[in-house]
Amino acid sequence: MSPKLGETPSQTVGPYYSMRLGGEGQNVIPVPAEGGQRITITGKVFDADRIHVEDALLEFWQANPVGRYNHPDDKRELDLDPRFSGFARAMSDFKTGTYRLETVKPGRVPDLEGAFQAPHISVVVQARGMLDPVFTRIYFSDEEEANHDDLILRRVPEARRGTLVADLEPGSDPATYRFDIRFQGEDETVFLDF
Amino acid sequence: MTEPLIRHYGPKAYSDHPPFRYPDYKSTVKRSPSHDLLSIVATLSETTGPGPIWSDISEEDADLTLNAGTGSPAIGERIIVTGHVLDENGNGVPGTILEIWQANACGRYAHWRETEFPAPLDPNFLGVGQCRTSETGEYRFTTIKPGPYPWGNHPNAWRPAHIHFSVLGPALLTRLVTQMYFEGDPLFPLDPIYNSAPEHSRDRMIARYDHEVTEENWALGYRFDIVLRGELSMLEELDES
Ligand SMILES: [Fe+3]
């Protein structure tokens with residue numbers, strides 16, 4: 001076996017990534033042909049002093065509404081609109097810090113034990129002042145039963161589990177969820193290593 | 001029903017990457033996690049990713065000296081930057097999009113936030129581009145060698161010349177954003193961002209002058225390979241289990 005090549009080190013996206021990443025319209029995933037519930041997710045990224053990060057880049061990766069990823073490894077016989085990318089990028093607003101993702105609620109995808117994970121969206125967070133990306137997941141507050149059985153949520157200490165759950169704003173239409181990301185402190189978001 | 005393919009990747013080599021918190025780069029102190037990361041076994045959500053599909057819907061735009069579309073070439077030292085995107089096992093990563101952004105020859109970014117540095121903009125240079133890797137993982141850009149530029153981290157702070165590279169790769173877990181530097185830059189010992197990468201892996205971010213890439217009467221050539229996480233070999237999988 002030949003020795004492994006070493007990974008290229010990560011570096012910060014810096015203050016000017018929006019020249020290329022996260023421009024107009026990249027924060028919208030249109031409803032695919034198979035339908036699905038239109039949702040909005042919005043929130044802010046907060047630093048250790050709970051000041052909003054004005055220049056965060058969030059990337060989202062999700063399954064379609066019936067729980068299939070648009071990726072060559074997901075060959076399950078489930079409907080999939082080839083135009084559904086499952087990928088979006090949102091930037092925090094420079095003044096208010098608010099990001100906004102418009103998408104459809106993802107379906108459930110398999111876990112590693114033959115059951116299904118709760119609906120979730122994978123998130124990558126980067127910013128000026130971050131040398132490496134951090135990864136987390138958005139779950140949904142109105143999926144209590146599925147969340148209860150989710151193998152990954154179950155691994156999260158109960159006191160911190162809520163940091164991965166987006167809160168549905170009562171009465172919102174389309175359904176709007178609030179999901180903040182926090183660095184450091186008691187209520188720091190759970191970041192994942194995989 | 002057909003089962004999804006869950007690929008088995010090796011663990012991320014955290015020791016090859018910068019720490020989250022690196023006080024010499026001041027902004028990292030407040031923008032880094034303090035708890036340990038929660039380790040999970042990668043599921044289909046992590047072993048798939050946007051790379052393959054995103055590549056299909058993106059247009060290529062690999063010549064930054066001309067892509068401002070003004071009809072006039074950008075000013076500066078024209079260079080060719082080429083190399084391979086590889087996985088840790090040395091296999092080329094085909095069909096993945098590289099997105100790049102950079103300062104112009106004077107060190108000035110064409111970005112509204114750059115207001116402090118009194119260096120000229122070049123109306124014929126946007127400083128952004130993208131291209132897709134070939135079947136063997138090879139990519140090639142033509143651009144202008146960026147200038148160094150000042151920043152506010154500490155007194156008289158200057159970034160060594162660099163090009164920002166973003167690669168999605170085949171899976172969510174291969175996501176990488178890095179910076180490519182140029183061989184022999186005198187600013188290396190002074191730059192906390194470059195030095196945030198561990199000593200043993202720093203030089204993987206340096207493009208090397210390559211006379212084979214240089215084109216007569218046209219442009220100097222640099223070679224820069226990017227290595228992403230790769231799948232475990234069968235032997236390693238046995239070891240892990
Ligand atoms: Fe830069």
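How many residue pairs are in polar contact across the interface of chain A and chain B? In this predicted model, the count comes to 47, with both residues of each pair at pLDDT 80 or more. Let's stay at that interface for a moment. On the side of chain A that touches chain B, two or more residues come from each of strand 2, strand 3, strand 5, strand 6, helix 2 (151-155) and strand 10 (192-193). Strand 5 of chain A gives the most, with four residues. Sort that side of chain A by class and you get 34 nonpolar, 17 polar and 21 charged residues.

Now zoom out a bit. In total, 72 residues of chain A are in contact with 92 residues of chain B, and the two chains bury about 7,600 Å² between them, with 59% of it on carbon and sulfur atoms. Ten salt bridges turn up across this interface.

Next, the cores. The largest nonpolar core has 29 residues, and Ile41(A), Leu58(A), Phe60(A), Ile138(A) and Ile181(A) touch the most other members. Several strands of chain A supply at least two residues each, among them strand 1 (38-46), strand 4 (98-104) and strand 8 (175-178). Strand 5 of chain A provides the largest share of this core, four residues.

Pick Ile41(A) and look around: beyond its neighbours up to four places away in sequence, Ile41(A) touches residues including Tyr99(A), Leu101(A), Ile138(A) and Phe179(A). There is also a second, separate core of 28 residues, which includes Ala63(A), Tyr69(A) and Leu164(A) along with Trp54(B).

Definitions and conventions: Residues numbered from 1 in each chain as written. Chains lettered and ligands numbered in written order. Predicted model: local features only at pLDDT ≥ 70, side-chain atom pairs only at ≥ 80, totals over all residues. Heavy atoms only, no water. Core = buried A, V, L, I, M, F, W, Y, C linked by side-chain atoms within 4.5 Å. Buried < 20%, exposed > 50% of the residue type's maximum accessible area, 1.4 Å probe, protein only. Contact = heavy atoms within 4.5 Å. Buried area = accessible area lost by both parts, 1.4 Å probe. Salt bridge = Lys/Arg side-chain N within 4 Å of Asp/Glu carboxyl O. Polar contact = N/O pair within 3.5 Å; in protein donor to acceptor, adjacent residues only side chain to side chain. Nonpolar A, V, L, I, M, F, W, Y, C, P; charged D, E, K, R; others polar.
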